[in-house]
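Here's a quick briefing to read alongside the model. Keep the sequence and the 3D view open while you go through it.

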Amino acid sequence: MTRRQSERMRQQRVFIQTFGCQMNEYDSAKMLEHLRGQDYVRVDSPREADLVLLNTCAIREKAEHKVYSLLGTLSGLKRARPELVIGVGGCVAQQRGAQILGRVEAVDLVFGPDHLFELPAMLAEVAAGGRVVHTDWRHRTERVANFIPDFGPAVGSAGDVKAGLAITKGCNNFCTFCVVPYTRGREVSREPDNILAEARALAERGVKEITLLGQNVNSYRAGGVNFVALLRRLNDVPGLERLRYTSPHPKDFREELAQAHAELPKLCEHVHLPVQSGSDRILKAMRRNHGIAEYLDKMLMLRERVPDVALSTDIIVGFPGEREEDFQATLDVMRTVRFDQVYAFKYSPRSGTPAADLPDAVPEPVRAERLERLFALHDTIVRERSAALIGTRQQVLIEGPHPRGAAMTGRTRGNKPALLPDSQRRPGELVPVEIVAARKYSLVARDVTRDS
Ligand code: SAM
Ligand code: SF4
């Protein structure tokens, strides 16, 4: 047997399936790195794995259904291979806990987002013959001290150009539609030194762009450092070229942050500020703690300081009690702000949230039809916004080759996907370009370095 074969025999093989948001992607990457340190190797299919982990999302009903459907398939695999270990982590795990063990016999382990760094110990419990549930919250002071332990490895493997970096976890806002405060717990900010250490480690591995992650990033505060002060420190990390963040909350979006976009060279000209609805009545019922005039004023303040800023948002259509005039108010906001990107969803009732008990549910066909109208309007806006970029100079961070054809792909600082045909550029390079054409979802760019 070769050395490689015997190493492979010793190593356990793990497959992770991630559902949901960038925070879940980040948590999965952390779990993988942590398991790698315990001699696990990653595989690309559950069929090859000794351990299958699902990192789940509970934000909408559909996301939860997907989890149970995959668990159905995995149950078949486990019948054929009873030694296969199946673990369910993330938001569905936190919300449903032991119910998952009752519902799916094949599951060995259920663990909430507070426990991802305890995987080796939890797996040892499973190996000792248990079916294990860990969904208790860790003690608050322990979490406040640092919710990602010092040994928490930096994620983003060699060759990655972009990486996420968690700065807060949980949420205190309790918007009436949202399950996050129940699945991720109260908001906790990570210590600035720990964040900076991870940012430096990422930059040393060649990561050029970091997106700061949290449910309400702009309420960050730890060790006397607020969100803007943290951005200023990150702006000084050598080797790092671009900074982004998601998601800020409109109620906490202040002038100081808009000013930082104008001043900090690495902070990109892109802000994703979820609006959810254009109607004051609905915003109140959602408990968003701001009105639409305040939102629009803040967008204006930002555009005054950063005229070419790209704006994106999240919208929910068909929240209980939403009338046609409320929906029209949302369309009006879209016409006023002219977002570059919109993530819009049909309202999905989540058990345990206040909105799930509200009267006046909007019928599904109406929700679907409103969503279609919203996307139709957005299509027109985005075409016009992209067309307006033709002839402008931009900077593209090269991410990799296009899957088809001889082109490299990347993104502008405004977060627009860009294509550089016949380019010899390498991933990680920052290329000055001129936009020569606009397609529906991407820009076509020409490298201008050789012009001067
Ligand atoms: N913290 C962010 C904020 O305050 O906007 C959003 C985080 S949430 C994970 C992402 C998006 O999912 C929300 O902005 C909202 O548009 C959508 N969402 C959350 N709960 C939902 C629900 N019950 N039905 C439909 N969409 C929902
Ligand atoms: Fe959910 Fe509202 Fe918190 Fe965003 S701010 S995570 S929508 S409760």
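Which residue in strand 6 does Phe 111 stand opposite? Phe 111 faces His 134 there. Before going further, note that this is a predicted model, where local features need pLDDT of at least 70, side-chain atom pairs count only at pLDDT 80 or more, and totals for chains, interfaces and linings use all residues. Residues are numbered from 1 along each chain as its sequence is written, chains are lettered from A and ligands numbered from 1 in the order in which they are written, and side-chain values use heavy atoms, with hydrogens and water left out.

- Six strands make an open sheet with parallel pairing, in the order 2-1-3-4-5-6. Strands here are DSSP runs (E, at least two residues), helices are DSSP runs too (H or I, at least four residues), and both are numbered from the N terminus.
- Strand 2 (40-42) and strand 6 (132-134) are the edges, each pairing on one side only. Two strands pair if DSSP finds at least two bridges between them.
- From one strand to the next, the twist averages 20°.
- Strand 5 (residues 109-111) pairs with strand 6 in the parallel sense over three bridges.
- Helix 6 (residues 119-127) lies across strand 2, strand 3 (51-56), strand 4 (85-89), strand 5 and strand 6, and runs at about 150° to strand 5. Axes are lines fitted to C-alpha atoms, for helices over the stretch in contact, and angles run from 0 to 180 degrees between N-to-C directions.

- Strand 14 and strand 15 (residues 310-317) run parallel and are joined by three bridges. His 272 has Ser 312 of strand 15 as its bridge partner.

**A helix pair**

- Helix 13 (residues 292-305) and helix 14 (residues 324-337) have axes that come within 11 Å and cross at roughly 10°.
- That's why these two helices are roughly parallel to each other (the label covers angles under 35 degrees; over 145 is roughly antiparallel, 65 to 115 roughly perpendicular and the rest oblique).
- Helix 13 makes the contact (heavy atoms within 4.5 Å) through Ile 292, Leu 296, Met 299 and Arg 303, while helix 14 uses Val 333, Thr 336 and Val 337.
- These contact residues split into five nonpolar, one polar and one charged. Ala, Val, Leu, Ile, Met, Phe, Trp, Tyr, Cys and Pro count as nonpolar, Asp, Glu, Lys and Arg as charged, and the others, Gly among them, as polar.

- Ligand 2 is surrounded by residues including Cys 171, Phe 174, Cys 175, Cys 178, His 249 and Arg 288 (a heavy atom within 4 Å counts as near).
- The shell around ligand 2 divides into seven nonpolar, three polar and one charged.
- Most residues other than glycine have a negative phi, and most peptide bonds are trans.
- Phe 174 has a positive phi, near 50°, and sits in the loop between strand 8 (168-169) and helix 8 (180-184).
- Phe 174 counts as partly exposed because its relative accessibility is 23% (buried is under 20%, exposed over 50%, partly exposed in between, using a 1.4 Å probe and protein chains only).
- Arg 338, not a glycine either, has a positive phi of about 55°; its loop runs between helix 14 and strand 16 (341-346).
- The peptide bond from Thr 246 to Ser 247 is cis, with omega near -5°.
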